[in-house]
Amino acid sequence: MSNGNSPEDERPIEDVSHDVPEGVSEEARPSVGRALQQARIDAGLTVDDISTATRVRIAIVHAIEADDFTPCGGDVYARGHIRTLAKAVGLDPADLLARFDAEHGGRPEPTGAAPLFEAERIRPERRGPNWTAAMVAAIVAVIGFVGFTFVKGGDDGGNEASVAEGAQPSSGESASSSTGPKKPAAPKPEPSDSAIAAAPADKVTVKVSATDGRSWISAKDHNGRLLFDGLLKQGDTKTFQDNEKVDLVLGDAGAIQLYVNGKKIEDDFQPGAVERLTYTKGDPQAG
């Protein structure tokens, strides 16, 4: 088993808390960036962990934690990054967004409807059908049908009758097979508990359940392709399957229960610990 790397060596910012005590002035509250940084450190997460979980680039995470929102490309994108980072570290995005708006001139105004109506007004008129092309196609079809009938005229009467009557099938069985509706293919279900219990030996199947709280997780297949990354709320379950291996990153391993290839993992993960794990085919063992 590969244990999780320790979060980066950052000292907590002094005199900063997530909740403002009663009676403390608005100016005494931590800034948006400092509040996000302190919550990340308290959660035992590195900037790389947050970037992997949220897909926000490391440079932008560093800049936001330093209250520099210029790399975000505008207030709209900055508000989106703040909301994403707040959810990843367990903060309420509404409070941080309200403080950001207060410090940056208020929430951006919605786009007016006038440009949309203007675009609709200058849209080119819809052209009518091309009747000339339709007539040419109809004439070609008629000529083709007449030629086909003329060629078939030399065949025996049975074949001629078949053409005149629309070439009916020779038997009910063939008609049924050619005209009967095909049943749609049944959708492929996600692996269930019973499927996990009978996990195929040629694959690795990993079930992740948030039994004791919420935790963000990241899962990749043997090619490094991202299968999932996001927050798993308490009671939620995700199942991953690959031909060779599944790589996991658990933000709060103590809240997670793992089942690998149908067997429960009995490792004593500590609350708040970040674990990086790799599971392969065969008996459950961390790579």
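**Notebook: rings and a pocket**

I started with a charge and a ring: lysine 207 sits over the face of tyrosine 259, 5.4 Å from the ring centre. A note to myself before going on: this is a predicted model.

Next I looked up aromatic pairs. How many does the structure hold? I found two aromatic pairs.

I took phenylalanine 69 and phenylalanine 100 to begin with. Their ring centres are 4.9 Å apart and their planes stand at 75°, so I wrote this pair down as edge-to-face; the cut-off for that label is over 60 degrees. Phenylalanine 69 belongs to the loop between α3 (58-65) and α4 (75-89), while phenylalanine 100 belongs to helix α5 (residues 93-103), so the pair ties together parts 31 residues apart in sequence. Buried or exposed, I wondered, are phenylalanine 69 and phenylalanine 100? Both phenylalanine 69 and phenylalanine 100 are buried.

Then I turned to phenylalanine 228 and phenylalanine 240, a tilted pair with 6.4 Å from centre to centre and 35° between the planes. Here strand β3 (residues 226-232) supplies phenylalanine 228 and strand β4 (residues 237-242) supplies phenylalanine 240, 12 residues apart. I checked phenylalanine 240 for burial too: its relative accessible area is 6%, so it is buried.

My last stop was the second largest pocket, with about 230 Å³ of space. I noted 16 lining residues, and the closest to the pocket centre are Ala43, Ala88, Arg214, Trp216 and Asp252. Which elements give two or more residues to this lining? They are α1 (32-42), α4 and β2 (215-220), and α4 gives the most, with three residues. By type, I listed the lining as seven nonpolar, five polar and four charged residues.

Note on methods:
Residues numbered from 1 in each chain as written. Predicted model: local features only at pLDDT ≥ 70, side-chain atom pairs only at ≥ 80, totals over all residues. Heavy atoms only, no water. Phe/Tyr/Trp six-rings, centres within 6.5 Å; stacked < 30°, edge-to-face > 60°. Helix = DSSP H or I, 4+ residues; strand = E, 2+ residues; numbered from the N terminus. Buried < 20%, exposed > 50% of the residue type's maximum accessible area, 1.4 Å probe, protein only. Lys NZ or Arg CZ within 6 Å of the ring centre and 35° of its normal. 1 Å grid on protein atoms, 1.4 Å probe; cavity = no way out; pocket = protein on both sides within 12 Å on 5 of 7 lines; lining within 4 Å. Points joined across faces, edges and corners; volume = space filled by probe spheres on them. Nonpolar A, V, L, I, M, F, W, Y, C, P; charged D, E, K, R; others polar.
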